[in-house]
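Open the model in your viewer and keep the selection tool at hand. The tour goes from one selection to the next and says what is found at each stop.

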Amino acid sequence: MLKVGDKLPQFEGTNQDGKTVKSEKLIGKKLIIFFYPQANTPTCTVEACNLSDNYSKLKKNGFQLLGISGDSVKKQKNFHSKFAFPYDLIADENREIIEKFGVWQEKTTFGKTYMGIVRTTFIFDEQGVCTRVIEKVTSKTAAEQILEG
């Protein structure tokens with residue numbers, strides 16, 4: 001998994017509107033990238049909505065925000081439209097970005113082991129250097145976790 005001090009990996013992803021988002025275009029402002037397992041599921045919705053509800057606070061602190069999951073562009077579009085998120089959601093169906101950040105890991109739920117996205121938030125400075133990794137994301141207070149750092 002990406003750690004503090006690592007540079008923002010180079011990537012290209014497709015957002016909810018089918019537009020390409022390039023990592024090099026994200027340098028210059030502080031950046032929050034949050035990975036979530038699946039669009040429109042209860043816990044992911046709580047996290048994404050908490051970040052949306054606190055978007056002005058995050059922006060006031062100089063942050064730009066990007067959400068990434070392995071969902072299709074269509075699913076991301078639906079999720080984005082349903083909740084009117086003020087930030088982009090990237091569809092990473094081939095898990096290229098997910099693998100670069102190291103969040104595709106073995107998980108266990110109800111005794112069943114499987115591979116999946118581990119809910120993780122990465123924070124980068126203006127130069128694209130990782131300054132913080134939040135591995136134990138609390139969905140209801142995701143924005144507060146970011147701002148308390």
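Which residues have the most contacts inside the largest nonpolar core? Select Leu51, Leu58, Leu65, Tyr87 and Ile146: these are the ones, in a core of 22 residues. A nonpolar core is a set of buried Ala, Val, Leu, Ile, Met, Phe, Trp, Tyr and Cys residues joined through side-chain atoms within 4.5 Å. Buried means under 20% relative accessible area, exposed means over 50%, and partly exposed is in between, with a 1.4 Å probe and protein chains only.

Before going on, note that this is a predicted model, in which local features need pLDDT of at least 70 and side-chain atom pairs count only at pLDDT 80 or more, while totals for chains, interfaces and linings use all residues. Residues are numbered from 1 along each chain as its sequence is written, and side-chain values use heavy atoms, with hydrogens and water left out.

**The core and its elements**

Helices (H or I, at least four residues) and strands (E, at least two) are DSSP runs, numbered from the N terminus. H1 supplies the largest share of this core, four residues. In general, nonpolar side chains tend to be buried together in soluble globular proteins.

Select Leu65, which is in strand E4. Leu65 has a relative accessible area of 9% and is therefore buried. Contact means heavy atoms within 4.5 Å. Leaving aside neighbours within four places in sequence, Leu65 is in contact with Ile32, Phe34, Leu51, Tyr55, Leu58, Tyr87 and Asp88. To try the distance tool, pick the C-alpha atoms of Leu65 and Leu89: they are separated by 9.1 Å, and the two residues are 24 residues apart along the chain.

Move to Tyr87. Not counting residues up to four places away in sequence, Tyr87 touches Phe34, Ala48, Leu51, Ser52, Tyr55, Leu65 and His80. Another core, of 19 residues, lies apart from the largest one; Leu8, Leu66, Val103 and Cys130 are among its members.

**The sheet**

In what order do the seven strands of the open sheet come? The order is E2-E1-E5-E4-E3-E8-E9, with mixed pairing. Two strands pair if DSSP finds at least two bridges between them. Strand E2 (20-22) and strand E9 (130-134) are at the edges with a single partner strand each, so one side of each has no neighbour in the sheet. From one strand to the next, the twist averages 30°.

Zoom in on strand E1 (residues 12-15) and strand E5 (residues 88-91), which run antiparallel and are joined by two bridges. Here Thr14 is opposite Ala91 in E5. Helix H3 (residues 73-83) packs on the sheet and touches E1, E4 and E5, and its direction makes about 160° with that of E5. Axes are lines fitted to C-alpha atoms, for helices over the stretch in contact, and angles run from 0 to 180 degrees between N-to-C directions.

**Ser69**

Next, select Ser69 in strand E4. Is Ser69 buried or exposed? Its relative accessibility is 0%, so Ser69 counts as buried. The side chains of Ser69 and Gln76 make a polar contact of 2.9 Å. A polar contact is a pair of N or O atoms within 3.5 Å; within protein, one must be able to donate a hydrogen and the other to accept it, and residues adjacent in sequence count only if both atoms are side-chain atoms.

**Aromatic rings**

Select Phe34, Tyr36, Tyr55, Phe79, Phe83, Phe85 and Tyr87, which form one aromatic cluster. The structure holds 13 aromatic pairs. Rings of Phe, Tyr and Trp (its six-membered ring) pair if their centres lie within 6.5 Å; planes under 30 degrees apart count as stacked, over 60 as edge-to-face and the rest as tilted. Phe83 and Phe85 are stacked, because their ring centres are 5.7 Å apart and their planes are at 20°. Phe83 is partly exposed at 28% relative accessibility, whereas Phe85 is buried at 4%.

**A last stop in a loop**

Finish at Ala84, in the loop between H3 and E5. Ala84 has a positive phi near 50° and is not glycine. Most residues other than glycine have a negative phi. With a relative accessible area of 57%, Ala84 is exposed.
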